[in-house]
Amino acid sequence: MTDIIAIVEDDHKIAEGLRGILSDVGIKSILFDNGLTFLSSYKAHDFSSLLLDIRLPGVSGIQVFKKLRQDGYTVPIIFMSGHADVAIAVDLMKHGAIDIITKPFRIQEVMEPIQESIQQHHRHLKASQEQAQYSNKTT
């Protein structure tokens, strides 16, 4: 299985930097420069994780997050923010965000939550497959 990370970031330099970091470790990524573009196309991809900027033009990262959870989208989400707000961070973590990283960040600050989110995604897929197999045996 090839892991693909969605990067939703309006700052082109940060997005390309993240793409380069991920590429260096063999992880594919797809860039989206705003939340609306991501929301209109995320179902066409099998993402392992999502790096999501909190402050985006138009539809904010928080609005994207709420819409995804409302739709039952369970892919792990890591938020990025240039402005640390503890109350927002706590709320996002309570609602299932994997982590919130503050920009500017170091490579290790990004890679640890990404690796964790990919592992979580794989565990979720495995559990779903096992549940489907069990359901097929009992019907």
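Modeller: Lys103 is buried, with a relative accessible area of 15%, where buried means under 20% relative accessible area, exposed means over 50% and partly exposed lies in between, as computed with a 1.4 Å probe on protein chains only. This is a predicted model, in which local features need pLDDT of at least 70 and side-chain atom pairs count only at pLDDT 80 or more, while totals for chains, interfaces and linings use all residues. Residues are numbered from 1 along each chain as its sequence is written, and side-chain values use heavy atoms, with hydrogens and water left out.

Lys103 forms a salt bridge (a side-chain nitrogen of Lys or Arg within 4 Å of a carboxyl oxygen of Asp or Glu) with Glu9, and their closest N and O atoms are 2.9 Å apart. This pair links distant parts of the chain, 94 residues apart, since Lys103 lies in the loop between strand 5 (99–102) and helix 5 (107–138), and Glu9 in the loop between strand 1 (4–8) and helix 1 (12–24); helices (H or I, at least four residues) and strands (E, at least two) are DSSP runs numbered from the N terminus. Glu9 is buried as well, with a relative accessible area of 2%.

The search of the whole structure finds 4 salt bridges. In one of them, Glu109 and Arg106 meet at 3.6 Å, N to O; Glu109 is partly exposed at 32% relative accessibility, whereas Arg106, at 59%, is exposed. Salt bridges with shared partners also join Glu9, Asp53 and Lys103 into one network.

Asp71 pairs with Lys67 in a salt bridge whose closest N and O atoms are 3.1 Å apart; Asp71 is partly exposed at 36%, and Lys67 is partly exposed at 35%.

As for the helix, Gly61, Val64, Phe65 and Leu68 are buried in helix 3 (residues 61–70). Seen down the axis of helix 3, the buried residues fall within an arc of 100°, so they line one face of the helix, the arc being that of the directions from the helix axis to the C-beta atoms. On the other side of helix 3, Lys66 and Gln70 are exposed. The buried residues of helix 3 pack against helix 2 (35–41), strand 3 (49–53), strand 4 (77–81) and helix 4 (86–94), with contact meaning heavy atoms within 4.5 Å. Helix 3 is followed by Gly72, which has a positive phi near 80°.
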